[in-house]
There are 2 protein chains.
Amino acid sequence: MPDPDPFVVTPYEVKGRIDYDRLRELFGTQEITPALLDRLRTLAGGELHPLLSRGIYYSHRDLVPLLDGFAAGRPFFLYSGRGPSGPLHTSHLVSFDLCRWLQAKLGIPMYIQITDDEKFWARSGLSREETAHWGLENLYDILALGFDPKKTHVFFDSRSIAALYPLAIRVARRITYSNVKAVFGFEPSTNIGLVFYTALQTVPAFWPSWKEGRQVPCLIPCGIDQDPHFRLTRDIAEGMGYPKPALVHSRMVPGLLGEAAMSTTGSAADNALFLNDPPKEVDRKVRNAFTGGRATLEEQRRLGATPEVCSVWALWRTRFAPSEEEFGKITADCRSGALLCGDCKSALLEKIHAFRREHAIAREKAMTWAESAIVTEPPHPL
Amino acid sequence: MPDPDPFVVTPYEVKGRIDYDRLRELFGTQEITPALLDRLRTLAGGELHPLLSRGIYYSHRDLVPLLDGFAAGRPFFLYSGRGPSGPLHTSHLVSFDLCRWLQAKLGIPMYIQITDDEKFWARSGLSREETAHWGLENLYDILALGFDPKKTHVFFDSRSIAALYPLAIRVARRITYSNVKAVFGFEPSTNIGLVFYTALQTVPAFWPSWKEGRQVPCLIPCGIDQDPHFRLTRDIAEGMGYPKPALVHSRMVPGLLGEAAMSTTGSAADNALFLNDPPKEVDRKVRNAFTGGRATLEEQRRLGATPEVCSVWALWRTRFAPSEEEFGKITADCRSGALLCGDCKSALLEKIHAFRREHAIAREKAMTWAESAIVTEPPHPL
């Protein structure tokens, strides 16, 4: 009997109604438990980022030994990345928001990989000019979230290749075509760039250890869909003398049109809020967004709405209601019928526009140091 | 019925008694005709290199339009390479000897690729330290053959990757796993470095065109076993706006033990004369080399010997008898029985030792400029 509601989650495809618990079991990852959240809160000086407290990050690999090490005086570094296929949208911020917070709270280094090569290989419709252009644009947006210029390092693949390649050569010998076919579902028609790519995506996880000649632990916050990339990384780590990177996995942020993820691979630009959307577009998209509201105002006042299926609530939850008090009130008022969708959207739009104004200023500043953060030299020749 | 005397010729394997005419037909290449040799002689000012006049280079692709272009004022450049798995042996000089001669006669640029990444991927027994070490050692030996420091450029893969990668990204999107599987016979267990590698081997053929923003023709002298690599290069050239590289193909130089090629992939170090063999080793190897001689001296004086099967004659033919007069006399005296194998070997050893003395001096000089020939910067960011 076919699965009545199948879902697909791979680095190159997310579809269907995702059963996150089942996905965690399928992937063999661990749950982020309340006890683990308490440890994180303590390490961070008593606070917890909403992405953690609200269960967006819900799964991990080896977070416990990583935190044990940190508590014992062995700092880790953060690694996240972006495939620059176009402008960033709000759900792309999920991993970088957590990284920025962890960097600020724990004072640790951040490595950002911009994969302008991989996106060129993965999307036949994109030109190199486009992936390089979006690579820089995306980088400015990421750094503007508040990363520390002194502790933030960027691998911009096409420009950082000299820094990455000596280690990539060693990584690539340990991964077979059969490995990548199994993990990514590649076909014989897949180009050889994409086949090779996972070697380059692995390198940043080992790079600080390679540079410093000692075991430097790594934490990778990523969407659960990106886990397969790093399973390969973890598989080869010990054989190369590097620690296995730990991971924390987030749920996918639902799209504005109610889809499982804020993907824009198709033509659905209305499914996502881009950072470079003109203000009127933002208004229009939020006004048209799929909600958990009722068919009529009267019905909604009487029965309340359903935040769990609402794309607007997902935006509050992931980014635009930083205080638990505010988020709790929005959720309760939605459920009770006290908050109508139109008013909720107006309030959200105010927050979004305020963020965009601040972000534009921070972005100008980030542009002044972005180039200097790009790593171009290898620490060793071999 | 099985082929009674099968042979295999791929970039990763050469075995059996090679039927070179049939190989040319199988590969679909053209014959280097006497008329074409005449054209080359004229362009080179009346001389022909022994590797051409003696039929070692016997096959080509698109040499005619290349020479037409040269005669019409469109110079080409030369491209050859070396996978640094160990010391060079004399048959590795076949492509570089021709390149050096063409550079001197035609005043054209030479690009040399040292594939220290590829050899690490292709040979699980080699360390990166080894392929990097042999890369430099091989490079000194190659440059010492007499290349012009002003017109000779080196891509040392691990160190030139920044110069190669922007173009490699574009190349790799045009080659599928299916393509490389068909050409190289890769298995699912092949590592992803080797799968990717042909993209990097293609880049030098297009690099001057990319750099100069115009079509710069390319000639690649190589062993016929390397032709498959460049078939992929030729297949994608026009789609990328670059000229298809022309090729001239050499026969394999038989090994000292009488094998089809001077390969040392197995344990047969005695099959090849390495440039770094101690002089006594050279003596020993040549004294033990397989010849076309007879069972007894008496028989040989009476019936003569068979140069075509002799590994010593192959060394005279390819490198150590530059004048046609000398080579003709050796061949005739061998065939008539006037020249006995022991005397022939003594005469050859004198030539080899003289070459090695000169080469050692030239090598010291090459070491002074080798580093400056290594290209490390891309001409354009994209």
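Select B:Arg128 and B:Asp116: their side chains meet in a salt bridge, 3.0 Å from N to O. A salt bridge here is a side-chain nitrogen of Lys or Arg within 4 Å of a carboxyl oxygen of Asp or Glu. The pair links distant parts of the chain, with B:Arg128 in helix α7 of chain B and B:Asp116 in helix α6 (residues 116-122) of chain B, 12 residues apart. Helices (H or I, at least four residues) and strands (E, at least two) are DSSP runs, numbered from the N terminus. B:Arg128 is buried at 1% relative accessibility. B:Asp116 is buried too, at 0%. Buried means under 20% relative accessible area, exposed over 50%, and partly exposed in between (1.4 Å probe, protein chains only).

Some ground rules before moving on. This is a predicted model, in which local features need pLDDT of at least 70 and side-chain atom pairs count only at pLDDT 80 or more, while totals for chains, interfaces and linings use all residues. Residues are numbered from 1 along each chain as its sequence is written, chains are lettered from A and ligands numbered from 1 in the order in which they are written, and side-chain values use heavy atoms, with hydrogens and water left out.

**Across the chains**

Now select A:Arg170 and B:Glu129. They form a salt bridge, with the closest N and O atoms 3.1 Å apart. This pair crosses between chains: A:Arg170 sits in helix α8 (residues 157-172) of chain A, and B:Glu129 in helix α7 (residues 128-143) of chain B. A:Arg170 is partly exposed at 22% relative accessibility. B:Glu129 is partly exposed as well, at 41%.

Over all chains, the count comes to 44 salt bridges. Pick A:Glu47 and A:Lys105 next. Their closest N and O atoms are 3.3 Å apart, in a salt bridge. A:Glu47 lies in the loop between α2 (34-43) and α3 (50-53) of chain A, and A:Lys105 in helix α5 (residues 93-106) of chain A, so the pair ties together parts that are 58 residues apart in sequence. Both ends are partly exposed: A:Glu47 at 44% relative accessibility, A:Lys105 at 32%.

Then display A:Arg61, A:Asp227 and A:Arg231 together. A network of salt bridges links these residues. A:Val183 belongs to helix α9 (residues 177-184) of chain A. Its relative accessible area is 24%, which means partly exposed.

Most residues other than glycine have a negative phi. A:Asp62 is found in the loop between β4 (57-61) and α4 (63-71) of chain A. It is partly exposed, with a relative accessible area of 26%.

Jump to B:Asp62. Here, too, phi is positive at about 60 degrees, and the residue is not a glycine. B:Asp62 occupies the loop between β4 (57-61) and α4 (63-71) of chain B. At 26% relative accessibility, B:Asp62 is partly exposed.

**A charged patch**

Show the surface and select A:Asp19, A:Asp21, A:Glu25 and A:Glu31. They gather in a patch of negative charge. Patches are made of residues with over 30% relative accessible area and no salt bridge, with like charges joined within 9 Å and nonpolar side chains (Val, Leu, Ile, Met, Phe, Trp, Tyr) within 5 Å. A:Glu25 lies in helix α1 (residues 20-27) of chain A. It is exposed, at 58% relative accessibility.

**The cysteines**

How many disulfides does the structure hold over all chains? The number is 0, where a disulfide is a pair of cysteine sulfur atoms within 2.5 Å. Select A:Cys310. Its sulfur is 6.0 Å from the closest cysteine sulfur, in A:Cys341, too far for a bond. A:Cys344 is in no disulfide either; the nearest cysteine sulfur, that of A:Cys310, is 6.2 Å away. A:Cys310 is buried, with a relative accessible area of 8%. A:Cys344 is buried at 10%.

**Last stop**

Finish at A:Val248, in strand β9 (residues 246-250) of chain A. It is buried, at 4% relative accessibility.

Conventions: Accessible areas come from the Shrake-Rupley method with a 1.4 Å probe; for residues, only the protein chains shown count as cover. Lys and Arg count as positive and Asp and Glu as negative; His and the chain ends are not counted. The place of a charge is taken as NZ of Lys, CZ of Arg, CG of Asp or CD of Glu.
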